[in-house]
Amino acid sequence: MLTLILILIPLAASLIAYFGGEKIAKTVALAGSLATFAATLVVWQKFDPSAGTQFAFRYPWLESMGISFSGGIDGISLLLVFLTTFLTPLIILSAFNNAYRNGAAFYALILFMESALIGVFVATDAFLFYLFFEAALIPVYFLAAVWGGENRREVTFKFFVYTMFGSLFMLVALIYLYFQTPGYHSSDINAFYNLNLTPGQQSLVFLAFFLAFAIKMPLFPFHTWQPDTYVESPTPAAMLLSGIMLKMGVYGLIRFLIPIAPGGLEQWGYLVIILSVIGIIYGSVIAIQQRDMKRLIAYSSFAHVGLMAAGVFSASLNGLQGALVQSLSHGINVVGLFFVIDIIYSRTNSRYLGELGGITRQAPQLAVLFLVILLGSVALPLTNGFVGEFLLLSGVFEYNNWLGAVAGLTIILGAVYMLRLFQKAMYGENSELTAGFTDLNWSEKAVLIPVVVMVLWIGIYPNVFLEITEPAVNQILQVVAAH
Amino acid sequence: MFPFPVAPPDIPEVIKMVPLHYYLFLSTALFVIGIIGVLTRRNAIVIFMSVELMLNAVNLLLIAFSSYRSDPNAQVFVFFVMAVAAAEVAVGLAIIVMIYRNTRNTDIGFLKKLKW
Amino acid sequence: MSVSLLLLIPLLPFAGFLINGLGFKRIPNSAAGGLGVLAALGSFAASLYAFSLFKENGSETVIAPVFDWISVGTLNIPFSFQIDQLSLLMLLIITGVGSLIHIYSLGYMKHDEGFGKFFAYLNLFLFFMLLLVMGSNYVMMFIGWEGVGLCSYLLIGFWNRNTSYNNAARKAFIMNRIGDLGFLLGIFAIIAAFGSVEFSEIFAKAGAFSVGDPVIVTITLLLFVGAMGKSAQIPLYTWLPDAMAGPTPVSALIHAATMVTAGIYMVIRSNVLYSLAPVTLEVVAIIGAATAILGASIGLLQNDIKKVLAYSTVSQLGYMFIALGVAAYSASMFHVITHAFFKALLFLGAGSVIHAMSDEQDIRQMGGLRKHLPVTFITFLIATWAISGLPPFAGFFSKDEILAHAFAHNKVLWGLGILGSVMTSFYMFRLLFLTFFGEFRGTEAQAHHLHESPSSMTIPLIILAVLSAAGGFIGVPEVLHGSNQLAAFMSPLFEGARKVNPGLFAPIGLSHSTEYMLMGISVGAALLAAIAAYVIYVQRGSVPAPESVERRGLEKLVYNKYYIDELYEAVFVKPVRILSDVLWSFGEFVIDLFVEGFGALVIFLSGKARKLQTGFTGYYIFAMVLGIVLFLFWNLVVKHNSAFKDLL
């Protein structure tokens with residue numbers, strides 16, 4: 001029941017924000033998202049990591065067809081729900097800096113998005129998962145297409161069609177699996193786990209799922225929608241996309257692809273890990289020469305996701321745990337980084353590194369918070385990025401030493417582009433644009449300080465999160481082993 | 001000759017006077033005439049009439065079978081078909097009349113705006 | 001020894017960092033400086049206390065877990081401390097020399113606008129450096145390892161208005177990261193081989209491997225890549241000379257005394273593994289010798305006072321690796337200790353000179369400073385004497401021990417060591433003579449401003465001078481009627497290594513006469529070099545040519561540091577930049593071509609397909625009739641006719 005409440009609070013707040021009008025929309029949005037976060041904390045407090053799926057709800061939906069409206073929370077879900085509900089208030093708060101026209105619709109869409117994302121992470125019915133998976137696409141499409149930059153139309157159209165294209169393959173796979181279930185058929189995820197598919201079937205199912213999630217995350221070479229979309233989207237939409245939405249891909253890999261088609265993984269594992277590792281290097285190398293800060297973050301995010309995928313495909317405990325912690329860390333870091341860029345943009349009207357410089361003297365507080373988030377994203381020990389990357393790299397290394405070594409280049413290349421970003425923006429002489437830079441105001445601090453606290457907390461005491469997910473991950477690995 | 005069921009014994013003699021396959025031939029002939037009319041004529045009204053002919057060919061067949069099986073269901077059904085056909089004729093003719101009023105023409109080759 | 005005492009050692013500087021960092025610009029300079037110094041001193045006191053407790057408790061290794069940091073499955077990485085001889089020695093050096101440098105900074109940074117920030121960073125550095133040496137597992141070591149890299153980055157780029165300083169900082173961080181990747185992969189290999197990262201567990205299990213096992217060789221080589229980065233060995237040394245962009249106390253603390261010796265610490269810590277891998281030891285010795293020669297030779301022609309010292313540091317670190325390579329671990333540690341004293345002293349002395357010379361660093365503009373800076377001169381002289389390996393100062397004993405072990409191991413290695421020692425002596429005396437002797441060659445304004453530094457700067461100099469002079473007596477060799485206390489103190493550390501590879505620790509077996517002869521040769525050679533420097537730079541009074549003079553042949557090559565930076569720029573940096581541009585413009589275009597191409601294909605096909613919609617009603621009717629006929633044919637004939645069975 002609690003799970004359902006988690007989905008319903010943002011949905012209700014979304015409706016109130018939309019119909020309540022411009023004036024109260026901001027407040028309602030913030031309150032609604034905070035209430036959801038509070039509810040998540042309640043769930044977390046009551047959660048027992050060893051007890052499997054909890055707080056389950058189940059309502060008949062297409063009962064005669066074995067399809068139900070059902071959800072529940074296990075460790076993996078909880079972590080990602082926590083990520084979603086933690087970040088949404090921050091994203092909403094970060095939007096306060098800019099006046100978006102038709103704000104009621106803007107905030108309502110963000111809340112609707114939150115609801116759909118939570119739905120994705122808690123659904124225990126494959127078709128419900130698919131429903132939320134697609135529902136999450138709608139609000140972000142409108143956010144980008146209505147409030148985006150100059151080329152928003154072409155870019156968002158490409159994004160929409162591309163991801164839709166991928167998910168349709170997943171739908172086909174889901175329907176196929178549904179018909180493989182015994183008796184009157186069922187679309188319960190557990191029923192899918194218990195299927196005994198032949199290697200040939202698994203191979204096809206694997207490819208269909210892979211395509212859907214690879215486009216969503218995105219993995220090399222399915223990523224070309226991503227940088228443009230991030231650049232053209234309004235910052236809150238970019239945060240939603242990179243911070244939370246791409247974690248749907250990671251979640252999908254862990255929840256569906258690995259346990260349902262381990263045979264496919266055996267067959268295609270090398271290929272997809274190599275693709276992921278290529279993506280890491282490819283994204284990092286491109287990020288080195290970027291001038292537009294948003295595009296730089298987009299490519300760095302792409303590189304990080306590649307590492308997460310490689311960890312997941314290694315199908316080892318370290319890899320999966322690392323991918324989950326890194327999902328959390330990456331979401332937090334990327335939201336922080338995008339917000340810093342938004343702050344700089346709102347003051348200087350520029351996102352181009354060549355036009356900035358010397359900000360650290362005008363805004364030492366911004367510089368410190370920026371630096372901590374940045375260190376998190378270059379995986380310095382005692383920040384959140386390190387825990388994730390350490391586990392991920394060790395998982396990949398375990399799978400294949402050479403691939404692990406190549407993937408490890410990310411820690412060098414990451415330092416190269418991130419420090420370049422920091423130096424060009426914050427150090428050196430002031431440019432015309434940055435001469436009158438003002439330091440953070442209260443609402444900006446209210447976003448960045450929680451982000452920084454989380455960066456350090458996860459870095460210093462990651463066990464809080466690792467403990468939650470470990471039993472659930474072990475369960476997935478047991479399903480894999482049983483095949 | 002045809003693998004159709006022989007008429008049951010308890011139907012009236014008067015019906016048996018015309019064998020079932022006569023009806024079949026007739027309605028098939030009517031239907032084919034309708035199809036040929038639809039395919040070959042270019043005047044919308046003539047095509048419309050041909051469609052009606054096909055419809056009635058089917059109606060005739062339904063009645064014939066119904067009589068030979070002593071089953072009134074089909075006759076009821078035919079009434080429905082006729083009612084619907086009447087409605088359809090009303091709408092269809094109205095459209096044709098409107099087209100004629102606007103274009104002074106009922107040639108189907110002339111109305112080809114709805115392409116690509 | 002309680003956990004809280006051990007926690008206190010790193011947490012004091014950390015508290016100093018937090019207070020100074022958060023209160024930057026709000027805390028007055030006097031309080032900020034005092035706080036920073038107190039944090040370091042407190043940490044030093046706690047280290048001393050820990051040392052005395054350790055001695056009292058019979059030198060038992062203490063492992064103190066604080067909390068579980070990362071645990072996944074069977075892999076558990078605790079946040080815990082290990083206190084033994086090695087970490088105690090490092091603790092004392094770091095906090096001791098660190099405290100002196102903090103005090104020195106009070107005077108040196110007095111007029112800097114970032115005074116509080118500077119102390120915050122210094123304290124943060126101490127924190128990470130202490131974690132590095134106190135950690136009880138490789139991942140803890142890695143925390144410190146990367147953390148000191150961060151502080152090094154922040155402090156090299158401390159004056160962040162200057163782009164070339166920032167570039168130097170970035171270069172240092174990135175080159176260190178290259179090494180760190182090796183270290184990290186080494187950790188993964190350790191996890192794969194031992195299933196743990198705890199020192200105690202790994203070294204206990206290492207006995208199961210035979211000498212020269214490829215797994216151990218791989219692990220040790222990977223770890224050594226990390227040491228190359230952090231301790232500035234070939235090929236990853238070019239960041240260290242550039243790192244001189246930082247304030248001079250930073251160069252003294254981080255880039256001479258402590259951080260750069262982390263690589264040596266790591267190898268000594270892993271001595272069991274290294275002793276199992278003779279191949280790696282060979283590599284270590286070769287790289288160390290090459291670095292020692294390369295660094296010293298570049299140092300011969302440098303004219304920036306700090307650059308000379310930087311290359312000297314590179315070269316001296318090479319010596320330490322030579323010692324490690326011949327499994328003379330305690331000799332290496334000995335040199336770490338003495339080097340920390342005299343090199344910190346040299347840097348601080350250089351800082352005092354730079355301070356007096358109004359930020360001038362070119363020794364061609366100096367000269368005759370001994371009259372104006374007497375304390376600096378005397379302390380600098382002592383340090384120069386010590387680093388040149390002349391008795392009876394600290395450098396003599398430690399360098400001699402290294403050379404003796406090298407001689408026993410391989411004569412060529414020893415020869416290279418002597419060559420490096422000659423060069424060291426020459427460039428150090430050259431530096432000394434050019435700076436403090438002869439006539440003053442600077443500008444009028446500089447001459448007017450010349451003054452001895454304040455006591456906050458000279459007192460640390462004096463203390464370090466005493467240590468540089470007397471520090472060698474902790475390791476007087478047997479041949480000179482000493483008992484080599486340091487080696488005796490450290491010997492329990494190598495018990496594990498002795499057990500797994502006893503051959504490596506056979507007594508070096510040099511007769512006393514050989515040892516005397518070796519000492520005589522090295523001291524004589526160094527003295528000759530010093531005299532040569534005296535003749536050239538004092539008697540003849542020659543001054544290195546200014547920048548504008550065209551240099552030729554070998555001199556040009558060495559003066560330009562063998563063009564290694566240019567080489568790296570051309571081989572690594574430029575290609576990556578070009579690759580980045582190419583991938584972005586062309587690579588993305590090609591990939592997108594497929595995506596966009598797919599869309600274009602759909603549009604093209606739909607363009608063809610819509611031609612079917614001719615708009616002719618008759619055509620539609622015909623299609624419909626045809627469709628119905630086909631359906632009927634399928635349903636009535638094909639489905640029920642055995643002739644078509646095969647089709648279905």
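This is a predicted model: local features need pLDDT of at least 70, side-chain atom pairs count only at pLDDT 80 or more; totals for chains, interfaces and linings use all residues.

Modeller: Two residues are in contact if their C-beta atoms, placed from the backbone, lie within 7 Å. Chain C contains 26 helices and two strands. Its C-alpha atoms occupy a box of roughly 115 × 65 × 55 Å along the principal axes. Of the 648 residues in chain C, 54% are buried.

Some individual residues of chain C show what these figures mean. C:Val523 belongs to helix H23, which covers residues 512-539 of chain C. In sequence C:Val523 is 127 residues from C:Phe396, yet in space the two are 8.1 Å apart from C-alpha to C-alpha. If residues up to four places away in sequence are set aside, C:Val523 touches C:Gly389, C:Leu390 and C:Pro391. To judge its surroundings a cut-off is needed: a residue is buried if 20 or more other C-beta atoms lie within 10 Å of its own, and exposed if 12 or fewer do.

C:Asp359 sits in the loop between helix H15 (329-356) and helix H16 (374-387) of chain C. C:Asp359 is not a glycine, although its phi is positive, at about 65°. Because 8 other C-beta atoms lie within 10 Å of it, C:Asp359 is exposed. C:Tyr563 occupies the loop between helix H24 (553-559) and H25 of chain C. It too has a positive phi, near 55°, in a residue other than glycine. C:Tyr563 has 12 C-beta neighbours inside 10 Å, so it counts as exposed.

We may now turn to the place where chain C meets chain A. Here 39 residues of chain C are in contact with 39 residues of chain A. On the chain C side, strand E1 (62-72) and helices H5 (138-156), H6 (163-194) and H25 (564-609) each supply at least two residues. The largest share, 14 residues, comes from H6(C). By class, the chain C side of this contact has 21 nonpolar, eight polar and ten charged residues. The contact between chain C and chain B takes ten residues from chain C and twelve residues from chain B. There the side of chain C has four nonpolar, five polar and one charged residues.

The secondary structure of chain A consists of 20 helices and two strands. Chain A has a radius of gyration of 21 Å, close to the 23 Å that the globule rule gives for 483 residues, so it is as compact as a globular protein of that length. Its C-alpha trace spans about 70 × 55 × 45 Å along the principal axes, and 63% of its 483 residues are buried.

At 1.5 Å a residue, its 26 residues should span 38 Å, and its end C-alpha atoms are 36 Å apart, which agrees. H11(A) has a kink of about 35°, centred on A:Leu253. Because 26 of its 26 residues are buried, H11(A) is largely enclosed by the rest of the structure.

In soluble globular proteins, nonpolar side chains tend to be buried together. Leaving aside neighbours within four places in sequence, A:Val120 is in contact with A:Phe129, A:Phe132, A:Phe133, A:Ala136, A:Met248 and A:Tyr251.

How values were computed: Residues are numbered from 1 along each chain as its sequence is written. Chains are lettered from A and ligands numbered from 1 in the order in which they are written. Helices (H or I, at least four residues) and strands (E, at least two) are DSSP runs, numbered from the N terminus. Ala, Val, Leu, Ile, Met, Phe, Trp, Tyr, Cys and Pro count as nonpolar, Asp, Glu, Lys and Arg as charged, and the others, Gly among them, as polar. The radius of gyration is taken over C-alpha atoms; the globule rule is 2.2 Å times the number of residues to the power 0.38. The expected span of a helix is 1.5 Å times one less than its number of residues. The bend at a residue is the angle between axes fitted to the seven residues ending there and the seven starting there.
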